[in-house]
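Thanks for coming. I will go through one structure, starting with some backbone details and ending with the interface.

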Amino acid sequence: MNGRKLAYYPGCPSAGTAMDQDMSTRAVFEKLGIELAEVEDWNCCGAAEAENPILVYALNARTLAIAEKEGLDIVTPCSICYYNLERSNIALKEDEGLRAKMKEIDSSLDYRGGIKARHILDVFINEIGIDELKSKIVKKVNIKVAPYYGCYIGRPPTTAFDDPDDPILMDQLIELIGGECVDFSYMKTKCCGGPLMMTRADIAFEMAKKVLEAAKRAGADCIALACPLCGMMLDAKQPDIEKALNIEIGMPVIYITQLLGLALGIDSKKLGLDKAAVDTKEIVGKVV
Amino acid sequence: MPIKTWELDPNFRNEIMNEPGGEHLASCFQCSTCTLGCPITEIVPSYNPRKIIQMSLLGMREEVLSNPDLWICLICQTCTARCPQDVVVSDVLGAIRRIAEKEEEEGKLKIESPRPLFDKAFLHQLEKYGRLYDIGLAKEYYPKKEGSFIKGMRAMMKDYKDFGMRMFKKGKMGPKAILPEKIKRTGEVKKIFEKIGD
């Protein structure tokens, strides 16, 4: 991290279904005194839908090149964006031929491999660090949390920055803010089903149900997560899942940036906590 | 049913390995770790990535490319993370899917899953705007999936009426989400699609 400034890549859902994640990310970094400079004219990373790796590299070379001109590492709150940005970064850094190929497509893809892409969780723990975070915490978020990591934090190995089977970075943050992690290890890294939402909703709903029910069984007050697609599946779609599968869940789902923001004393509205589909008032009420 | 050896395509493995992402197919030694840890297999027991890989290595081209299970992979990377042979199973399956899509474009195969339509509709938004435009995506995807505009709109309403209202009430479906968020230099992204395709 170059001083106290990072390039910020909000990702496409930041304008809609994950605007609460975007709001809370910006608010938390502001409170921590780290400037987020949004990558000028950034484009979509290709998400899970661009299956051709060369296309993914090209799409992300453009964004990486823009941030590289500013000499700033990129931070993103979205796990899928992180995966695509960083795997492109690695591929481009290692392969001169690939870089030349990108430049041939368009001069805007002339990325030289001078920066890194990072996920917010990685920046919180490994860059800012527990000690600094601790010194800025003013409130206790006294709740039981099911820490849900999903796919691209502990895997694939090329871009992972936490353990593939039992990741701990989010657990550390939850404990830091005075929360308690419920026993959720076996479910932490299971996929939420999001990528099949539009083509096989039946399977996607079954997968999301497993995560939601496991959190409920473990006695969690809420699920904490760090990916907008997981957020859409588990929160925004939760009433649809309840209706389709004839079950009752009512499990609040909160971005880790929102929880951290509460502990930093940021107003819950500024963190977008009123935007969740499943009511979060009870959680906010437990902040002391 | 026994394999008809005379129908095998010995070149199929090379076809996959020449596709970006498919390079490590031949490293597989059939241990089945990919399948045992797969969250889809838990729900759809017939889903078996190990088998898809072995059939590919044997050259069962037609059976592999027409296998509907190709389209229910989540790309969650669990198999990739656990594979002891670094086959990069998620990417190998992606390479196979792209070969199937090419076959369909050439009229040699009919893919029943709507997933290729969805992926294309998604990428068309990026090509046009540089970012994802959810409404544009739904407007392209649903009619194609359902076979007509009217049927598509009806299916979209069924899936998204409650969801849309919910998002609207929570302020997540404001003007920012209703209109596409277009980047300034769309030409640069268009060039990527022109030169690489989707």
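In which loop of chain B does Gln30(B) lie? Gln30(B) is in the loop between α1 (12-17) and α2 (33-36) of chain B. Helices here are DSSP runs of H or I with at least four residues, strands are runs of E with at least two, and both are numbered from the N terminus.

Before I go on, the conventions. Residues are numbered from 1 along each chain as its sequence is written, and chains are lettered from A and ligands numbered from 1 in the order in which they are written. This is a predicted model, where local features need pLDDT of at least 70 and side-chain atom pairs count only at pLDDT 80 or more, while totals for chains, interfaces and linings use all residues.

Back to the backbone. Most residues other than glycine have a negative phi, and most peptide bonds are trans. Gln30(B) has a positive phi, near 65°. Ile75(B), also not a glycine, has a positive phi of about 55°, and sits in the loop between α5 (61-65) and α6 of chain B.

Are these two residues buried or exposed? Gln30(B) is exposed, with 12 other C-beta atoms within 10 Å. Ile75(B) is buried, with 23 other C-beta atoms within 10 Å. The cut-offs are 20 or more other C-beta atoms within 10 Å of the residue's own for buried, 12 or fewer for exposed, and partly exposed in between, with C-beta atoms placed from the backbone.

In chain A, the peptide bond from Arg155(A) to Pro156(A) is cis, with omega near -5°. Pro156(A) belongs to the loop between β5 and α7 of chain A.

That brings us to α7(A), residues 169-176, whose buried residues are Leu169(A), Met170(A), Asp171(A), Leu173(A) and Ile174(A). They pack against α5 (120-128), β5 (144-147), β6 (180-181), β7 (222-225) and α11 (256-263) of chain A. Just after this helix, Gly178(A) has a positive phi of about 95°.

Finally, the interface. Chain B puts 52 residues in contact with 43 residues of chain A, contact being C-beta atoms, placed from the backbone, within 7 Å. On chain B, the helices that each supply at least two residues to that side include α7 (89-105), α8 (115-129) and α10 (149-169).

One more item on α10(B): there is a kink of about 55° centred on Tyr160(B), the bend being the angle between axes fitted to the seven residues ending there and the seven starting there.

Key. Two residues are in contact if their C-beta atoms, placed from the backbone, lie within 7 Å.
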